[in-house]
Amino acid sequence: MANHLQNEYSPYLQQHAENPVDWYPWGEEAFQKAQKENKPIFLSIGYSSCHWCHVMERESFENEATAKLLNRHFISIKVDREERPDIDKHFQEIYQLMNGRPGGWPTSIFLSQDLKPIYSATYIPDEPKYGMMSFSSLLEVITEKYQTEKNLLIEKADEILGFINSRKEKIQATRMDESIISRFIDQAKQLFDDKDGGFNKAPKFPQTSLLKLLLDLHRITGDREALQMATHSLTSMAKGGLRDLVDGGFCRYSTDDQWLIPHFEKMTYDNALLSELYLKAYHTTGDDFYQKVAFETLDFMLEKMSEKGLFYSASDADTEGEEGKYFVYSYEKALKSFKKAGIPEEAQDILAKALHITKEGNFEGKNIIRVEDPVHIDTPYYNEAIEALKKRREEKHLYPFIDKKILVSWNAMMIKSLFQAGRIETRYLEQAKNSLDALLESMYIHSQLFHSTLIGKEPKIHAFLEDYAYLADTLIEAYKSTLDEVYLITATKLANNAIEKYYNNGLWKFSRGEFETSADIYDSSYPSAMAVMLNVLHSLSSLVDSVYKKFVFKSLEIHSYDIMRQPISSPMMSSMVVRYLKDDIIIKAPEEKLLENASRVDSITYPFTYIKNDTNDGFMICNSNSCFGHEKNFDGLLHYLNKR
């Protein structure tokens with residue numbers, strides 16, 4: 001029998017609609033029932049491609065005995081963190097305050113009937129392990145304490161909430177100067193993994209904004225180590241494992257230092273940001289390998305993760321209840337696929353070795369496809385082997401579950417990358433324009449921006465700061481590619497709305513309304529929404545009105561102490577400090593290389609690349625694959641830009 005999630009849009013909530021747990025969505029119906037029945041609330045926050053969310057569902061939420069305990073003593077609420085990032089952000093903060101460390105997913109929060117937090121955890125096992133009691137035992141303990149020590153629990157909960165509500169933003173401004181550049185590079189060097197690339201030890205995340213800033217700082221300073229850290233990381237990440245060599249696209253993170261063993265979920269934001277990053281590496285180095293990886297990633301998203309121009313949010317790590325089943329191969333089945341594809345027998349063993357396919361396997365007795373040198377692959381029949389392995393997947397396995405939720409911020413990231421690729425290949429430009437039109441038509445309705453929906457459904461959840469920021473950023477990218485002023489006008493409207501809704505004297509909110517949460521300066525899974533919005537405002541200060549730069553400066557000033565002290569912790573905000581200090585960075589090129597460079601160099605400034613001509617001290621304005629204006633001085637260039 002279906003529970004109260006059966007009419008929800010979220011695919012994650014739909015996954016739990018047939019659980020024996022009597023789940024409710026977040027809302028008044030559940031709150032009133034808790035009040036009426038004098039029961040505590042069990043709040044479970046997760047998302048559809050979360051591996052440990054699936055584990056807890058199989059172990060506990062599908063267990064009839066555990067469900068009876070929950071249904072008898074609690075009101076159970078399920079939240080999709082992607083659909084309601086405001087709820088998730090609020091309770092992640094509560095988790096950190098209660099436990100003294102960052103949380104994760106699934107997030108398990110026990111609340112009083114008045115929504116006051118009394119206990120918090122992440123994944124809770126179904127039997128005692130990892131130093132934790134079983135989930136069913138925990139339910140019994142909390143039930144007893146809520147009945148016998150409720151006042152004490154509420155008193156402790158009020159302390160937590162009082163700390164959150166009374167906390168003031170600590171402002172320690174400091175001077176922002178170009179020392180941030182050397183400090184950022186030095187801190188990156190300290191954390192850099194010389195052997196396998198990336199930063200710190202496993203689990204390893206791509207950290208796209210950190211790598212992107214290293215590429216920019218190399219272009220500003222000529223620092224070869226900044227370039228080497230970025231390119232070595234990108235090459236290592238492309239070997240296979242984190243990057244799916246068979247279908248294309250990147251998984252969310254690696255559980256080991258070598259980027260070999262991922263949790264196999266693929267998120268739209270990762271593939272959007274990584275395709276943009278590999279394009280930047282191509283423009284910086286001129287190495288076609290990086291362009292190839294970017295295009296392959298975009299093609300994967302267009303083939304597997306899009307519909308009607310819009311992009312789904314994620315695909316799952318698990319298939320048929322088994323992590324990675326779709327993605328891995330036994331030695332025997334891989335060689336059988338080669339034989340079936342007509343690859344000569346003498347080439348099969350060579351291919352197996354080149355693709356790291358062994359009888360022992362490199363993942364739980366099976367094999368993740370990987371190459372040692374992704375830049376130079378010269379193994380005979382390599383392409384035929386990859387095609388054979390892809391065909392085997394399609395014929396023998398179900399494709400992982402796809403969360404078909406449409407999120408404005410993630411779609412905007414993806415479309416921005418398409419626009420950038422479109423300046424190299426026009427097919428991506430047409431796709432970018434079509435996708436942006438589809439996103440605006442479905443999610444920007446009567447000048448009201450929404451956050452998420454399903455294709456063909458009317459959106460209900462209003463946008464958050466990240467939606468305004470990333471969509472406005474993409475609209476500026478669209479203007480940069482097309483010079484269509486409608487895109488610039490819409491970006492300006494969104495920026496003005498965001499300032500009105502979320503800005504107050506240098507401080508930004510991520511959400512308002514039911515949960516008022518502060519915007520972070522730190523990049524988490526993807527770059528800080530505040531930093532992206534500052535990037536938008538800086539661009540608008542050049543394109544529309546210089547007044548927008550005041551918002552940029554005030555926001556940077558308030559957070560300057562944290563950024564300048566530890567710039568590696570907030571790469572996108574650090575990038576904004578560099579951009580503000582450098583204002584509009586001029587990329588220099590000798591005259592005979594001017595047009596060649598204009599076709600390969602993506603810009604640090606917006607909406608155009610300004611290339612200084614050393615020979616006659618003039619400037620070229622470059623867009624797409626050509627330069628279309630020339631002025632003798634920078635003031636003349638800006639005048640020309642304004643006329644455009």
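## Burial and the basis of the model

A residue is called buried here when its relative accessible area is under 20%, and exposed when that area is over 50%. The model is a predicted one, and the values below should be read with that in mind.

## An aromatic pair across the sequence

Phenylalanine 515 has a relative accessible area of 9% and is therefore buried, and tryptophan 26, with a relative accessible area of 15%, is buried as well. These two residues form an aromatic pair whose geometry is tilted, with 5.6 Å from centre to centre and 50° between the planes. Because tryptophan 26 lies in the loop between β1 (23–25) and α2 (28–37), while phenylalanine 515 lies in the loop between β20 (507–511) and β21 (517–518), the pair ties together parts that are 489 residues apart in sequence.

The structure holds 35 aromatic pairs. One aromatic cluster is formed by Trp23, Phe42, Phe61, Phe74, Phe110, Tyr119 and Phe135.

Strand β2 (residues 41–46) has six of its six residues buried, so the strand is largely enclosed by the rest of the structure. Ile41, Leu43 and Ile45 point one way from β2, whereas Phe42, Ser44 and Gly46 point the other way, and all of these residues are buried.

Strands of a sheet pair through backbone hydrogen bonds, in either a parallel or an antiparallel sense. With strand β3 (residues 75–80), β2 pairs in the parallel sense over six bridges, and isoleucine 41 has isoleucine 75 of β3 as its bridge partner. With strand β4 (residues 107–111), β2 runs antiparallel and is joined by five bridges; here serine 44 stands opposite serine 108 of β4.

## A three-stranded open sheet

A separate description applies to the open sheet of three strands in the order β8-β11-β14, in which the pairing is antiparallel. The strands β8 (266–267) and β14 (402–403) stand at the edges with a single partner strand each, so one side of each is left without a neighbour in the sheet. Strand β11 (residues 314–315) is joined to β14 by two bridges, and the two run antiparallel; within this pairing, serine 315 has isoleucine 402 of β14 as its bridge partner.

## Cysteines

The count of disulfides comes to one, and this link joins cysteine 50 to cysteine 53, with an S to S distance of 2.4 Å. The link of cysteine 50 and cysteine 53 is right-handed, with 80° about the S-S bond. Cysteine 50 counts as buried at 4% relative accessibility, and cysteine 53 is buried with a relative accessible area of 3%. Cysteine 251 likewise counts as buried, at 1% relative accessibility.

## Leucine 556 in helix α21

Leucine 556 has its place in helix α21 (residues 548–558), and with a relative accessible area of 0% leucine 556 is buried. When its neighbours within four places in sequence are left aside, leucine 556 is in contact with Met176, Leu534, Ile563, Met573, Met576, Val577 and Tyr580. The C-alpha atoms of leucine 556 and alanine 173 are separated by 8.9 Å, although these residues are 383 residues apart along the chain.

Note on methods: Residues numbered from 1 in each chain as written. Predicted model: local features only at pLDDT ≥ 70, side-chain atom pairs only at ≥ 80, totals over all residues. Heavy atoms only, no water. Disulfide = S-S within 2.5 Å. Buried < 20%, exposed > 50% of the residue type's maximum accessible area, 1.4 Å probe, protein only. Helix = DSSP H or I, 4+ residues; strand = E, 2+ residues; numbered from the N terminus. Contact = heavy atoms within 4.5 Å. Phe/Tyr/Trp six-rings, centres within 6.5 Å; stacked < 30°, edge-to-face > 60°. Pairing = 2+ DSSP bridges.
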